[in-house]
Amino acid sequence: MATSVVLQARVPSEVAELLSADIDTLGLEGTSDAIREALRLLHRQARMVALGQAYDAFYDGSPAPLSEVTSALYPDEED
């Protein structure tokens with residue numbers, strides 16, 4: 001099993017109340033499960049942003065060229 005670390009954060013009481021309701025709604029076992037799920041979602045979003053940044057860097061901000069198949073299927077998209 002991987003080692004773990006303890007993370008702490010202060011949140012407004014309203015957020016804590018919402019978290020408690022979300023835990024019940026999602027059927028999670030507790031706060032730790034909810035925080036782990038939130039961190040997974042945060043990591044997924046960061047990967048998507050990084051992918052977009054890599055895409056922009058590769059194409060230098062220009063749109064990617066259309067493939068021959070895409071051009072054939074959607075000829076109006078070439079404009």
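**Close-up views of a predicted model**

A search of the whole structure finds two salt bridges, a salt bridge being a side-chain nitrogen of Lys or Arg within 4 Å of a carboxyl oxygen of Asp or Glu. The structure is a predicted model, in which local features need pLDDT of at least 70, side-chain atom pairs count only at pLDDT 80 or more, and totals for chains, interfaces and linings use all residues. Residues are numbered from 1 along each chain as its sequence is written, and side-chain values use heavy atoms, with hydrogens and water left out.

**View A. Salt bridge between Arg 36 and Asp 33.** The side chains of Arg 36 and Asp 33 meet with an N to O distance of 2.6 Å. The two residues are three apart in helix 2 (residues 31-58), so about one helical turn separates them. Helices (H or I, at least four residues) and strands (E, at least two) are DSSP runs, numbered from the N terminus. An α-helix has 3.6 residues a turn, so residues three or four places apart point the same way. Arg 36 is partly exposed at 44% relative accessibility, and Asp 33 is partly exposed at 22%. Here buried means under 20% relative accessible area, exposed over 50%, and partly exposed in between (1.4 Å probe, protein chains only).

**View B. Salt bridge between Arg 40 and Glu 37.** The closest N and O atoms of Arg 40 and Glu 37 are 2.8 Å apart. Arg 40 and Glu 37 are three residues apart in helix 2, which puts about one helical turn between them. Arg 40 counts as partly exposed, at 47% relative accessibility. Glu 37 is partly exposed too, with a relative accessible area of 29%. Side chains of opposite charge can pair when their charged atoms come close.

**View C. Ring cluster of Tyr 55, Phe 58 and Tyr 59.** Rings of Phe, Tyr and Trp (its six-membered ring) pair if their centres lie within 6.5 Å; planes under 30 degrees apart count as stacked, over 60 as edge-to-face and the rest as tilted. By this rule there are two aromatic pairs. The ring centres of Tyr 55 and Tyr 59 are 5.0 Å apart and the planes stand at 55°, so this pair is tilted. The ring centres of Phe 58 and Tyr 59 are 4.8 Å apart and the planes stand at 85°, so this pair is edge-to-face. Tyr 55 is partly exposed, with a relative accessible area of 39%, and Tyr 59 is partly exposed at 28% relative accessibility. Phe 58, at 65% relative accessibility, counts as exposed.

View D. Of its 22 lining residues, Thr 31, Ser 32, Ile 35, Arg 36 and Leu 39 are the closest to its centre. On a 1 Å grid over the protein atoms alone, a cavity is a set of points where a 1.4 Å probe fits but cannot get out, and a pocket is an open set with protein on both sides within 12 Å along at least five of seven lines; lining residues have an atom within 4 Å of a point. Helix 1 (13-26) and helix 2 each supply at least two residues of the lining, and the largest share, nine residues, comes from helix 2. The lining divides into 15 nonpolar, four polar and three charged residues. Ala, Val, Leu, Ile, Met, Phe, Trp, Tyr, Cys and Pro count as nonpolar, Asp, Glu, Lys and Arg as charged, and the others, Gly among them, as polar.

**View E. Ile 23 and Ile 35.** Ile 23 lies in helix 1 and counts as buried, at 10% relative accessibility. Ile 23 and Ile 35 are twelve residues apart in sequence and 9.8 Å apart in space, C-alpha to C-alpha.

View F. Helix 1 has 14 residues and reaches 20 Å from its first C-alpha to its last, close to the expected 20 Å. The expected span is 1.5 Å times one less than the number of residues. Just after helix 1, Gly 27 takes a positive phi of about 70°. Helix 2, with 28 residues, reaches 40 Å from its first C-alpha to its last, close to the 40 Å expected. Asp 60 follows helix 2 and lies in the loop between helix 2 and helix 3 (68-73). The phi of Asp 60 is near 50°, a positive value in a residue other than glycine. Asp 60 is exposed, with a relative accessible area of 69%.
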